[in-house]
4 protein chains.
Amino acid sequence: MKRNALASLVVLLLLVLVAFRPASGADVRHEIQFPNLPGYQTVKCDLHEHTVFSDGNVWPPVRVAEAWRQGLDAIAITDHVEYQPHKDDVPTRHSRPYELAMDAAKASGLLLVKGAEITRETPPGHFNAVFLKEITALDTKEFLDAIQRANDQGAFVFWNHQGWQGEEKGRWLDVHTSMFDNKWFQGMEVSNGDEYYPNAHKWCLEKNLTMLGGSDIHDPDLRQKSTSQDHRTMTLVFVKEKTLPGLKEALLAGRTVVWWKDQLIGRKEWLEPFFQQCIQVRPPHLRLDKATWVQIRNVCDADIRLERAGDMGPAKLDLPAGTTSLVEIAAGKASGPLELKYTAKNFLIAPGAGLPVVLRVPGR
Amino acid sequence: MKRNALASLVVLLLLVLVAFRPASGADVRHEIQFPNLPGYQTVKCDLHEHTVFSDGNVWPPVRVAEAWRQGLDAIAITDHVEYQPHKDDVPTRHSRPYELAMDAAKASGLLLVKGAEITRETPPGHFNAVFLKEITALDTKEFLDAIQRANDQGAFVFWNHQGWQGEEKGRWLDVHTSMFDNKWFQGMEVSNGDEYYPNAHKWCLEKNLTMLGGSDIHDPDLRQKSTSQDHRTMTLVFVKEKTLPGLKEALLAGRTVVWWKDQLIGRKEWLEPFFQQCIQVRPPHLRLDKATWVQIRNVCDADIRLERAGDMGPAKLDLPAGTTSLVEIAAGKASGPLELKYTAKNFLIAPGAGLPVVLRVPGR
Amino acid sequence: MKRNALASLVVLLLLVLVAFRPASGADVRHEIQFPNLPGYQTVKCDLHEHTVFSDGNVWPPVRVAEAWRQGLDAIAITDHVEYQPHKDDVPTRHSRPYELAMDAAKASGLLLVKGAEITRETPPGHFNAVFLKEITALDTKEFLDAIQRANDQGAFVFWNHQGWQGEEKGRWLDVHTSMFDNKWFQGMEVSNGDEYYPNAHKWCLEKNLTMLGGSDIHDPDLRQKSTSQDHRTMTLVFVKEKTLPGLKEALLAGRTVVWWKDQLIGRKEWLEPFFQQCIQVRPPHLRLDKATWVQIRNVCDADIRLERAGDMGPAKLDLPAGTTSLVEIAAGKASGPLELKYTAKNFLIAPGAGLPVVLRVPGR
Amino acid sequence: MKRNALASLVVLLLLVLVAFRPASGADVRHEIQFPNLPGYQTVKCDLHEHTVFSDGNVWPPVRVAEAWRQGLDAIAITDHVEYQPHKDDVPTRHSRPYELAMDAAKASGLLLVKGAEITRETPPGHFNAVFLKEITALDTKEFLDAIQRANDQGAFVFWNHQGWQGEEKGRWLDVHTSMFDNKWFQGMEVSNGDEYYPNAHKWCLEKNLTMLGGSDIHDPDLRQKSTSQDHRTMTLVFVKEKTLPGLKEALLAGRTVVWWKDQLIGRKEWLEPFFQQCIQVRPPHLRLDKATWVQIRNVCDADIRLERAGDMGPAKLDLPAGTTSLVEIAAGKASGPLELKYTAKNFLIAPGAGLPVVLRVPGR
């Protein structure tokens, strides 16, 4: 009795000390520098994450802390509905990851999306359902029932890591056609962790599916911040308003770009204005008979790699993230504005195809 | 039925993929460069860590993975016996952290010590018991019973973070005298996480208690490696053999140095030979009328800060970890060997007291 | 003959390859993030640098390249007029550093100020003259003649590293009073390289002299960019227009802040609006009965260290450069806006005196 | 008069302060971790460097300071004999770079080799002569005279950057055959700065010429230390004794490996024992029915990339510099020693050909 009272007191004391405190390292956030688009805010999302409640290795609030410090704006914890290797120690309770992460999300202003991963055989493969109301309903016998129930709840559903077990296991089958015709999934991961799937990329373009990228993280994410060289795979979503409904609307409308390694992957429709916001070309400093020196600034957190597609400017232009490059252009005696035609090799508008861009140098 | 069989198959497949695989980031290890002492190997230990099984935020094998990649050799997971804030989701099972971490420890060759934190009121404060045989026995009503039972199992017991709630709550009471007289605790943390306790340091010297430093980590440790500027608080233990019994013997014998921030804290008896192994003074390159140039190499992973205590050599000598410093000495025309007297300010032999050292420059 | 023709050809070929090419590393610039003030642009300057033409170790265009890549906007090469230890190999020609650096400055858009260091006895000490028309005139017998001639040319003259040889040699003498009364010097370095001079700081405040900070660099500057932890000592000048005349006007008007190590040093008049531009306080995310969580963003490249001066908010607030901090405030049930009173410890408005600031948290 | 005396005094004072002081940044050295070979010490050399005395941008002692801090052991300053674009400001004096760098070299114990670059038309291309006695003699009308005179002085002569202006201009001509037959050049750069020349590599193998790599540095080298990711191009020379004669003997004997970017380039004869010294395979920690866990340590400062050439072990093994990797081997129930056959892809024994290696895992 006395012991219990004492223990309770200790518990209470410690709870007061730790309540609502985001996990260590969460107190300082490094914003990710990506521009907004005209009319849209850019929201950085990771909608594929795991915790100890399925086969992950962290307690749910850790996912909030690491996303916050790395500059993300929205996450979904998507523990496997069926695969629960820790269940002898952590009994299955599908709602708990979301509930346990909520206080930290509120305190830091992160959007926390309720989600789950429907994890059956491959094929048909694994699917994430996000913006769920209730997860337990997905714990059904039949795969398609689970998918349908997610849709009945108004979830946004996407096909995960399509090619992770090889293209043979990742092919498009009748079951996918049937789901697609029913509008039972609305997107696909074109990238998952370290992997990229050209077929998923192609199908997203052909079938007007939303492109997504997710970390699928199981272990702690050790990154303090997101840099061009070292960041998690994520989805940039262009929202009209930075709220959960605003995020869902943008996902359904397909307004996304995936940031995967040194690539930005998306529809030309979104990559084009995105590129324009990333680059600033300043008026030339020196225009001699033979050379013009131009400063080109890359204001975003991704390195940009350009290859000349026209007849003016250097053959290659590497513009490191957040820097200004001094570029020499053999531009003759012209004093008017110049147009330099390039291909942005790491802005992928289709598998293997970079974005055509024009750098406009103002006259002096 | 079919569904269960199917799920089991999926589970099996995934288990095969992940079995015995240390958590991500564990595959590359950065050794910590600290010298061995004549007759002893230097074992880097962290004997104070938590997991989701008490109030920590990671699954147990994560503790092995992070210790391994950071160059540690031995850890103890010491979840609170009494304080279990996650128990609604993770029912109390004291043996599980140790059991769950064991495979990863075996695969990577890390020494995993069975431990627990006896967490009652402060005062008397929290105590870690390591080298336990069985933890549940410590879940008793009375504090001293728990301590006694740990000792009955042959555990090494130490007083944690003595001053963490202020010196008033950390004072030495009759209960400590009684425990000490019974030899029921054998060491104290002089450092815990970011904190250092001068009183603990003093009492260890006076009462011949073993000095320890521990991380008391609850969240994931984000460090990829241990550097002079950024490492966890740990204990260097000088063992006769690198085994669990060898580690215990050395702890009981008090052969430790604590690495805390930019300080190495220990008895003069151990810091003195340790310093000698860290430093190499090379023969001078140039001895002119007025100056001798000497190269001093610091082969260890801790920066060393020296202040002149004699009449020769620069007033201050900062020797960064793992570098060679070029030092000018106004040594007259002498050609024989030189002795430079310094105090190693960050080799603490008592609170506020650096280690006196002599740098011997060979003759040329 | 033939040999000379051949050599000339080789020279020509190589010149074509290197002409107007800034020295290596200059092609990528890391902008320094410091805000503009209302009505003023912030120009980052280093008006104290040396080359092989006095006792420095680099060819003049290197000074442009290193300043450009580190994000500076304006430099002056100020080789010693009298002290020319390399003159057996590099005969004295005072105009050459400026001339040799000019092409690189033009190509990169850096403002290059013509300058020199008048280097006689200490006391009275060394003085930099910048915005000179012609340097040779300063190579006079008498110290005061050199100072007067610089002023006759319309130069901005400042007393360098006042305390570098100790306060005794850096004291204010009659000669300084006489120069000051003649308005023959208009500023002082409060910082030079690694040093800071409290007396210079005090005299600038008392006598309305412009505060400056300079690198006084002799060797190559190895920094790729300027960070809070590692940047050269420089002067931030608040200009009406970013031109040489605009820079001179601002220096004469005293609109400067010195960035030295982790300190920003200046008049309260300029540090106050500067601080306001550096900090963004966002509306709170969560206001419970007991706690409000507020995000505070430091958009500048200097860490900011705050200490509480009022009764609300954490005792200390460290806001690392370029990050957002999540801060818990025990604010009761209030829902209106809050005012948190702090002292910015590293915004020095006088020796030892930090800037009083108020963080305004909007209501929700 | 008085003015001159005063200036002399100032000069004297400053000289006392700077005499024998290596340029800034030189005071701390980061040793390069490359193993010695049985019977040989490994000396890290850069025998191709420029200063303001030809078309470089630094004062000669800077070359010593930067080499010393980066862990090099020997350098040659090899200013162009004929190409002197700074000569209006720095009159031609071929011996001065060596003389001016000597004090710093002595103080820091760096081996300073007297050298020059014979810079005529391409073809035949540029040649470095090192271990010269006197440089002016090379300032002749005819190219072959200069080469012969270098050889007459006992110099070691090598063909620089063979393919830098394209393979057409870098082809092997009669003049090269003639020089080769006369033994007038003994080596070639297989790498220069960022470039690698497969033809030079091939010819070195065929004609038994010594392989060299050099920085050809003109600007300041900004690197604080040499790392696997970021180091200058250099030559590792395996010497019997670490002296100038010892270095020359080893160069003439062809005992070199070139460190260029992520590649180590050399004869199989030297790369093979070098690899063996870089790698330590430790006894396995765990040998279950299906898996053996082995720790492989790479003690050198270059990452090592292995590809499986046999039937055991992972398909790829990346061993980062200075780390230990935990490797899973499906080794059945065997308990005896194992041999894992790999190709070290970045140990180039010929253009495009990696070194075959065997990793021997001891039995348990």
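Predicted model: local features only at pLDDT ≥ 70, side-chain atom pairs only at ≥ 80, totals over all residues.
If neighbours up to four places away in sequence are set aside, Lys268(C) touches Pro273(C), Ile349(C), Leu355(C) and Pro356(C). Ala76(C), by comparison, is 192 residues from Lys268(C) in sequence, and the C-alpha atoms of these two residues are 27 Å apart in space.

## Helix α8 in chain B

Which residues of helix α8 in chain B are buried? In this helix, made of residues 268-278, they are Trp270(B), Leu271(B), Phe274(B), Phe275(B) and Cys278(B). When one looks down the axis of α8(B), the buried residues fall within an arc of 130°, and they therefore line one face of the helix.

## The largest nonpolar core

In soluble globular proteins, nonpolar side chains tend to be buried together. The largest nonpolar core of this model has 52 residues, and those with the most contacts inside it are Leu264(C), Phe275(C), Leu306(C) and Leu359(C). Strand β19 of chain C, which runs over residues 338-350, supplies the largest share of this core, namely six residues.

Leu264(C) shows what such a position looks like in detail. Leaving aside neighbours within four places in sequence, Leu264(C) is in contact with a list of residues that includes Phe34(C), Leu236(C), Trp259(C), Leu271(C), Phe274(C), Ala302(C) and Phe347(C).

Is Thr210(A) buried or exposed? With a relative accessible area of 2%, Thr210(A) is buried, since the limit for this class is under 20%. Thr210(A) has its place in strand β9 of chain A, which consists of residues 210-214. Not counting residues up to four places away in sequence, Thr210(A) touches several others, among them Phe156(A), Gln186(A), Met188(A), Cys204(A), Leu251(A) and Thr256(A).

Thr136(D), on the other hand, is partly exposed, with a relative accessible area of 45%, and its place is in the loop between β5 (127-130) and α4 (143-152) of chain D. Between Thr136(D) and Thr324(D) there are 188 residues of separation in sequence and 52 Å in space, from C-alpha to C-alpha.

## The second largest pocket

The second largest pocket has a volume of about 600 Å³. It is lined by 30 residues, of which Arg29(A), Asp73(A), Gly109(A), Lys242(A) and Arg282(C) are the closest to its centre. Two or more lining residues come from each of β2 (41-46), α3 (96-108) and β4 (111-118) of chain A, and also from β15 (292-298) of chain C.

Helix α3(A) gives the most to this lining, with four residues. Sorted by class, the lining of the second largest pocket has twelve nonpolar, nine polar and nine charged residues.

## Chain A and the pairs of chains

Chain A contains eight helices and 20 strands, and its C-alpha atoms fill a box of roughly 90 × 55 × 35 Å along the principal axes. Of its 364 residues, 58% count as buried. Among the contacts in chain A with a separation of 6 or more, 67% are between residues 24 or more positions apart.

No contact joins chain A and chain D, and their closest C-alpha atoms lie 13 Å apart. Chain B and chain C are likewise joined by no contact, with their closest C-alpha atoms lying 13 Å apart.

Notes
Residues numbered from 1 in each chain as written. Chains lettered and ligands numbered in written order. Heavy atoms only, no water. Buried < 20%, exposed > 50% of the residue type's maximum accessible area, 1.4 Å probe, protein only. Arc of directions from axis to C-beta. Contact = heavy atoms within 4.5 Å. 1 Å grid on protein atoms, 1.4 Å probe; cavity = no way out; pocket = protein on both sides within 12 Å on 5 of 7 lines; lining within 4 Å. Points joined across faces, edges and corners; volume = space filled by probe spheres on them. Nonpolar A, V, L, I, M, F, W, Y, C, P; charged D, E, K, R; others polar. Core = buried A, V, L, I, M, F, W, Y, C linked by side-chain atoms within 4.5 Å.
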